[in-house]
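Please keep the sequence and the model at hand while reading.

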Amino acid sequence: MNLNTVVEVKRPASADEITHWRDGYAWLAGGTWLFSEPQPATDTLIDLGDLGWPALEVSAAGLEIGATCSIAELYRFEPPSDWFATPLIRACCDSLLASFKIWNAATVGGNLCMSLPAGAMISLVIALEGHCTLWPREGAPREVAAIDFVTGNHTNVLRPGELLRKIHLPRSALVKRAALRRASLTKLGRSAALLIGTSDSVRQDLVLTITAATARPVQLWFDGTPSAKALQQAIDARIPADGYFADVHGSASYKRHLTCHFAEQVRAELARPGARA
């Protein structure tokens, strides 16, 4: 879509060149949402394409994903053999309501910053215990846990002009066993519920991440493998019956049913000895 209110496109070589932020400015990464509908309040785009941020960096500490890393680049990532949770990467990419053509433009950071309940990159980085590095226009960079980044439907902790620079996934999460369940009302539709469980093979704990069914992500931690009853009680205590996100992709009661059903499947799968993603 043409944005007929845009009169200027800035292409800085460094984010520090944008020292002053005003209404009308918008960061441009992949632009798959920005160009999908009119943006009457935007008159200037600031293109991140020339900043040269690395897409993916592997280290002994884990994986760093640049905010401008495309979905296609992430999908093609070949992880170390002992990162047992990384099949979640392709599973979450496949959970996006987007064609492979969109994958080449859409970015991981853009999916997080859109902060929609069904954002599958949000599900991924939270389940893998990620941390986000944010760059404000003034002041030092700050770190935010991925679980705290999204605050509601299409809302997050970013301040005006602040950039999501990268996401760090710790190795301790990447080597865990993992299980994913997802459903949508149509074959290639937006997720109605997307649940991911991870478990450390030594501690036999369970971390359950609930997304799409709720307006903001919910994460439950258990020191050991909970019983089916204890798991359902924990979900009900954390998410009341009216706490599910009702929209055209599913009613609140439907999403609650999916959440409880998938949670038990994830729990049972990870409780089996030797289970992997």
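What volume does the largest cavity have?

## The cavity

The model is predicted, and the volume of its largest cavity comes to about 40 Å³. The count of cavities of 30 Å³ or more is 1. Rolling a probe the size of a water molecule over the atoms shows where empty space is left.

The lining of the largest cavity is made up of Leu116, Pro117, Ile122, Val150, Thr211, Ala212, Thr214, Ala215, Arg216 and Pro217. Several of these names return below. Ala212 lies in the loop between E13 and E14, and Ile122 is among the residues that Ser115 contacts.

## The four-stranded sheet

Strands E11, E12, E13 and E14 form an open sheet in the order E11-E12-E13-E14, and the pairing is antiparallel. Strand E11 (177–183) and strand E14 (218–222) are the edge strands, each of them pairing on one side only. On average, and with direction ignored, neighbouring strands in this sheet are turned by 10° against each other.

Helix H2 (residues 87–94) packs on the sheet, where it touches E11 and strand E12 (193–199). The direction of helix H2 makes about 10° with that of E11. Helix H8 (residues 228–238) lies across E13 and E14 and runs at about 140° to E14.

## From E13 to E14

Strand E13 (residues 206–211) pairs with E14 in the antiparallel sense, over 5 bridges.

The loop between E13 and E14 holds Ala212. This residue has a positive phi of about 70° although it is not a glycine. Is Ala212 buried or exposed? Its relative accessible area is 2%, so Ala212 is buried. Ala212 is also one of the residues that line the largest cavity.

Asn111 lies in helix H4. With a relative accessible area of 17%, Asn111 is buried, because buried means under 20%. The side chain of Asn111 reaches the backbone nitrogen of Ala120 at 3.5 Å. Not counting residues up to four places away in sequence, Asn111 touches Leu96, Gly119, Ala120, Met121 and Ile122.

Ser115 is found in the loop between helix H4 (108–114) and H5. Its relative accessibility is 0%, so Ser115 counts as buried. A polar atom of the Ser115 side chain lies 3.4 Å from the backbone oxygen of Cys113. Leaving aside neighbours within four places in sequence, Ser115 is in contact with Ile122, Phe149, Val150, Gly152, Asn153, His154, Thr155 and Asn156. Ile122 and Val150 are also among the residues lining the largest cavity.

Glu129 is found in the loop between helix H5 (120–127) and strand E6 (131–135). Although it is not a glycine, Glu129 has a positive phi of about 55°. Glu129 counts as buried because its relative accessibility is 18%, and the cut-off for buried is under 20%.

E6 pairs with strand E7 (residues 142–145) in the antiparallel sense over 4 bridges. The bridge partner of His131 in E7 is Ala145. The hairpin of E6 and E7 has 6 residues between the strands, and Gly139 takes a positive phi near 100° there.

## Two pairs separated in sequence

Ala98 is found in the loop between H2 and helix H3 (100–103). Its relative accessible area is 33%, so Ala98 is partly exposed. How far apart are Ala98 and Gly189 in space, C-alpha to C-alpha? The distance between Ala98 and Gly189 is 9.2 Å, while in sequence they are 91 residues apart.

Asp16 has its place in the loop between strand E1 (8–10) and strand E2 (25–28). Asp16 counts as exposed because its relative accessibility is 62%. Asp16 and Phe100 are 84 residues apart in sequence. In space, the C-alpha atoms of Asp16 and Phe100 are 33 Å apart.

How values were computed
Residues are numbered from 1 along each chain as its sequence is written. This is a predicted model: local features need pLDDT of at least 70, side-chain atom pairs count only at pLDDT 80 or more; totals for chains, interfaces and linings use all residues. Side-chain values use heavy atoms; hydrogens and water are left out. Two strands pair if DSSP finds at least two bridges between them. Helices (H or I, at least four residues) and strands (E, at least two) are DSSP runs, numbered from the N terminus. Axes are lines fitted to C-alpha atoms, for helices over the stretch in contact, and angles run from 0 to 180 degrees between N-to-C directions. Contact means heavy atoms within 4.5 Å. Buried means under 20% relative accessible area, exposed over 50%, partly exposed in between (1.4 Å probe, protein chains only). A polar contact is a pair of N or O atoms within 3.5 Å; within protein, one must be able to donate a hydrogen and the other to accept it, and residues adjacent in sequence count only if both atoms are side-chain atoms. On a 1 Å grid over the protein atoms alone, a cavity is a set of points where a 1.4 Å probe fits but cannot get out, and a pocket is an open set with protein on both sides within 12 Å along at least five of seven lines; lining residues have an atom within 4 Å of a point. Grid points are joined across faces, edges and corners, and a volume is the space filled by probe spheres set on the points.
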